[in-house]
Amino acid sequence: MITGELKAQIDKIWNDFWTGGISNPLTVIEQFTYLIFLKQLDDKQILIEKNANLLGVTTQKHIYTPEQKELRWSSFKDKDPEVMFELFTKQQRHLNDVTVFDFMKTLGKDGGAFTQYIKGATFMIPTAKLLDRVVQQIDKLPLDNRDTKGDLYEYMLGKIAEAGTNGQFRTPRHIIRMMVEMTKPQKEDTICDPSCGTAGFLVAASQFVHEKHEDWFMEQKFREHYNKNMFNGIEIDPSMMRISAMNLQLHGMENPTLIGNSALSESNNISSEYSLILANPPFKGALDYDEVESSLLNVTKTKKTELLFLALILRMLKLGGRAAVIVPDGVLFGSSGAHKNIRKELIENQQLQAVISMPSGVFKPYAGVSTAILFFTKTNSGGTGNVWFYDMQADGFSLDDKRNPQLSEEIFEQCFANPESVLDEMNGKCDIPNILLDWKKYSGNVKPKKGEGQDKTQKSFLVSKADIVANDYDLSINRYKEIVYDEVVYEKPQTIIEAIKEIDKRRLEAMKDLEKMLG
């Protein structure tokens with residue numbers, strides 16, 4: 001958990017960027033990312049040199065040659081601001097016509113996953129003064145610990161949502177964490193987010209593994225799987241690709257598989273590849289049919305991206321693979337043939353397990369759309385039985401544009417670590433503990449105990465497949481939830497009229513008494 005002191009350091013860096021002339025949040029994140037990476041390169045080089053001095057020889061490839069000393073963080077950070085700025089912006093003959101920034105982009109695979117996606121990177125810090133100020137502050141950040149540096153970067157990424165610009169839909173981290181807790185990544189899982197953005201789902205999955213299964217890392221086979229094959233993402237935006245690569249790298253994933261492409265395009269032919277998909281695909285987008293991979297249109301012929309992504313996820317899942325996907329409410333009840341076809345596919349041919357309806361304020365301040373989370377398993381042979389519905393009405397934050405926390409950080413942490421222990425403290429502020437506990441009871445389409453999950457007046461209840469089919473595959477919670485209305489007894493109109501007359505009579509008497517007193 002990031003401390004107040006570290007938050008203050010990041011806030012200072014952010015504010016310096018803004019006052020220094022960089023007001024676009026994504027540009028701030030990108031420039032911050034490049035400088036962090038440059039420091040990491042030098043830290044890695046220092047470690048290689050220490051090992052070489054200790055052993056007398058090293059098999060590790062050096063990052064910098066002796067002639068490139070001035071390009072290293074430990075060298076340029078102590079130089080005069082103007083000299084430092086020149087090393088970033090002007091080609092120097094004695095450095096083989098390479099700037100600090102150019103050198104970073106030539107590393108390729110030797111620099112890890114991040115440098116594979118950095119070709120289009122541009123240095124945009126406008127002044128020597130700003131560069132020096134930010135470099136000195138980054139130099140003080142504790143970047144030698146996986147958890148701390150990952151938390152620092154996640155906190156910086158949170159500024160995108162706070163800025164409320166660029167149309168960036170950053171999925172709330174507590175919603176991501178809830179989805180990861182419910183899907184419980186396993187040792188052999190290959191995990192994918194086909195619209196990965198800043199890689200929040202992949203990061204949360206890796207944190208789950210570290211927190212719950214640190215013993216797995218004792219096995220070399222798992223370490224290799226974790227570092228090379230376990231985490232996969234697809235992202236069309238080059239800027240977001242670089243940011244997600246750095247986010248994963250700072251969280252200890254050196255070589256995740258990241259694909260810079262539109263997941264829905266003809267060039268994406270990935271099929272039966274992943275055992276767990278976690279996603280919040282883009283809403284309300286539309287593509288021309290000739291831009292979409294043809295097999296997706298066979299499942300649901302539509303131009304709507306939210307429906308196409310569900311078809312894509314089914315194709316990309318292995319048999320037995322599971323998914324948790326955020327969708328707009330329209331997916332649940334849309335009446336078009338495409339909407340009905342995708343719901344029918346999930347219910348008849350796959351195994352739909354749960355629908356969690358979320359309040360419309362979850363994505364504020366930048367969107368007020370109502371959403372739900374679908375949980376399903378790819379079977380290609382059906383298997384849907386009782387589908388668990390939950391009517392989430394509170395997520396631990398205010399549902400207005402401010403999104404103020406309703407719980408302390410300590411209590412919110414316990415919502416995930418030990419949900420039973422905080423039930424009495426929720427008081428309608430957060431449904432996450434109840435969701436996690438009820439999921440244990442109802443997941444897997446298990447047959448419930450007699451009477452369990454049958455009370456549809458509650459937030460949590462079960463609906464049979466037969467009922468869903470009878471309602472034309474409608475998955476909106478309001479179709480099945482029963483509302484209990486409190487009986488209100490009103491006085492008869494004549495009684496109310498008599499009461500008004502009595503009040504009027506007393507008013508007139510009071511006026512007469514007042515006139516006598518004044519007369």
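Predicted model: local features only at pLDDT ≥ 70, side-chain atom pairs only at ≥ 80, totals over all residues.
At what angle do helix H2 and helix H6 pack, and how far apart are their axes?

H2 covers residues 25-55, and H6 covers residues 128-139. They pack at about 55 degrees, with axes 11 Å apart. That angle makes H2 oblique to H6. The crossing is right-handed. Who makes the contact? From H2, we have Phe32, Leu35, Ile36 and Lys39. From H6, we have Leu131, Val134, Val135, Ile138 and Asp139. Sorted by class, that contact has seven nonpolar residues, two charged and no polar ones.

Which elements give two or more residues to the lining? Four helices do: H7 (146-163), H8 (173-183), H9 (200-212) and H16 (409-417). H7 gives the most, with eight residues. By class, the lining splits into 18 nonpolar, 16 charged and nine polar residues.

Now stay with H8. It packs with two other helices of that lining, H16 and H9.

Take H8 with H16. The angle is about 20 degrees, and the axes are 10 Å apart. An angle under 35 degrees counts as roughly parallel, so H8 and H16 are roughly parallel to each other. Their crossing is right-handed. On the H8 side, the contact uses His174, Arg177, Met178 and Glu181. On the H16 side, it uses Phe412, Glu413 and Phe416. That contact has three nonpolar, three charged and one polar residue. Note His174 and Phe412.

Then H8 with H9. Here the angle is about 55 degrees, with axes 9 Å apart. That makes H8 oblique to H9. H8 passes H9 in a right-handed crossing. H8 brings Arg173, Ile176, Arg177, Met179, Val180 and Glu181. H9 brings Gly200, Phe201, Ala204, Ala205, Phe208, Glu211 and Lys212. By class, this contact divides into seven nonpolar, five charged and one polar residue.

How values were computed. Residues numbered from 1 in each chain as written. Heavy atoms only, no water. Axes fitted to C-alpha atoms, helices over the stretch in contact; angles between N-to-C directions. Parallel < 35°, antiparallel > 145°, perpendicular 65-115°, else oblique. Left-handed = near helix turned anticlockwise from the far one by under 90°. Contact = heavy atoms within 4.5 Å. Nonpolar A, V, L, I, M, F, W, Y, C, P; charged D, E, K, R; others polar.
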